[in-house]
Amino acid sequence: MKKGFAQEFIGFLVVIISVVLLSLFFVSQGALKGGEVTRSVGGRNLDESANLALMALFNNEPRSFDKTYIEIAIDSIYQGENKTIVFYGKDVGVASSKQLLTSLFNDYLGEDRWGLKIETSNANIAYGNRISKREDVYNYESKIPLPGDEIGKVSLYVV
Amino acid sequence: MLSKKGISIIAITFIVLISSIAAISWIFYNTYFGSRYQLNVLEQSKLDTIFNEIEKGKNYLRQSLIYSSHESLSEFAASGGNKPWICNTPNYPTLVETSECLANNTKYKVNTYFKKYSIDLPLNFNKEKFRDVKYIVTSSDLSAGKYDNGDFDVEITEGGIILNTEDISITDGLNLKKEINKNRFWYMYNRFKEWSKDNVFGQGICDCVAKCSGCSCAKKTAETAFNDLRKRFDKHVSCRMMKDCCVNQKGGMCQQSPCLDWKQNICSIDCEMKPTSISSGTDSSTSVNSITGLVTNDNCYQIVPVENKLAAIYTYECEDERFFVPGENGPHPLTFRVNAFASFRDLDGCKKKVPCGTCPGPCICPPEPSERDEEPPEYNPTENPASGPDIDTDTDTGHDDPGSHNNPEPVNW
């Protein structure tokens, strides 16, 4: 009788352990998936923010200038020695592209998380932080028109 | 009665069966719903990427439209629309002509920008050029000054972007509209147009011709016209005037006329001279003191009309410092430059003292020296009546040789 009981007990134990291991496996898979989903959602949110910031660069206009942010940035590169300041006439005054762009991208992406580079035939100007090449850097690029039928590029780096 | 062994086998089988069903269900669920969901996400991700590229393209084209419009306005202003705004009579480009010229130039520039645009992703990308551009400016609003600071729309239509992959194809028709502001093109156009209509320059040159005057009178006329132009602008606009050329000639005798167009190619611009409706303010009729009864002696003479011809081209340039407009060297003041051209002749603009019988008309015979009460009036010039027409150099300016056409002298005010 004891032999039969022990055999059954071992059998029962094997089944219990198998079920437990199987359950643990399924739960860990779910947990991992959750982590991936969280990361995926986080990445998507950052992606959305960066795209919105890039759209704002082309479509939003700071007050009293009646010009888009990208236009102010390009004009400041083309006019004069200081590539981050532009004069728009007696009625409008001076615009600082550095100040305006820093404020815009800090609102969308937070400080220290972004870098912007504008490449023109005249000069290349960088705003924000220097972003080194890492795996977790998101890069967004867009072509930009320049005065005189030329074409340039704007690159946004986000960590 | 079941043995214990039988019961344990049933229990084990039951548990294994339940576990297997659970495992198979979970695998089936992940395989079917998970991978299908993954496929959907992948498809959506592709679409998101394509739509993003289209939005980037639109952003690029909107900015291109802004630059193209400002450049077209600047080019038109700098050249005056490639025609003199005074060609004896007012000759300014109408609103329709101006809008069409601006629209054509803007369309060309936007399509040039569009041609240069490309994307870096592995997608098939095709473009359809824009076919129509409109400057939405009405005559009534223009006269009312609604566009004095810009604030007018430019619309470009019938363009397109086509993006496709192996299994997705998206076509987006492009119609864009942007408001152009902080550009005083129409403000300056309006004032130059009114100045051209009043035609102080043309009328003044005609008066010079009728008064037997030359290039010094033309210069005074140009200055009067300049002052008339200057007072039409506000304090933000500075103007200057440049002389391009001036030529003065004398012609044949014995005829009379009002101001007539003088077609010459010494000091000339290619423009169509409309029938002259200008008459000089100076009475150019020959007034001759005639003595009844012909007394023939060696001192008799005639006062005869002599043709006077005068042509002048002046450039008027005004610069607006209120708003700077985009340009290849960065934002700069908008410069509006127009030419004023007048070329007139008056067959009796001058008078000349010649021997009797040169022209039909009365002869003047002064009395004998003992009976003389007063000196006869003096007339200029006193060339040999047998000589033909010649070019007169105005000593006031000293720059009236025919070669001065390409050497404008700026006069800053």
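I looked first for charges over rings (NZ of Lys or CZ of Arg within 6 Å of the ring centre and within 35 degrees of the ring normal), and found Arg184(B) over the face of Tyr187(B), at 4.1 Å from the ring centre. I also noted Lys353(B) over the face of Tyr301(B), at 4.6 Å from the ring centre.

I kept in mind that this is a predicted model, in which local features need pLDDT of at least 70 and side-chain atom pairs count only at pLDDT 80 or more, while totals for chains, interfaces and linings use all residues. Residues are numbered from 1 along each chain as its sequence is written, chains are lettered from A in the order in which they are written, and side-chain values use heavy atoms, with hydrogens and water left out.

I then turned to aromatic pairs (rings of Phe, Tyr and Trp, the last by its six-membered ring, with centres within 6.5 Å; planes under 30 degrees apart are stacked, over 60 edge-to-face, the rest tilted), and the count over all chains came to 24. Phe185(B) and Trp186(B) form an edge-to-face pair, 4.9 Å centre to centre with 90° between the planes.

Because Phe201(B) lies in helix α5 (residues 200–210) of chain B and Tyr314(B) in strand β9 (residues 302–325) of chain B, the pair ties together parts 113 residues apart in sequence; helices (H or I, at least four residues) and strands (E, at least two) are DSSP runs, numbered from the N terminus. Phe201(B) is buried at 0% relative accessibility, and Tyr314(B) is buried at 2%.

Conventions
Buried < 20%, exposed > 50% of the residue type's maximum accessible area, 1.4 Å probe, protein only.
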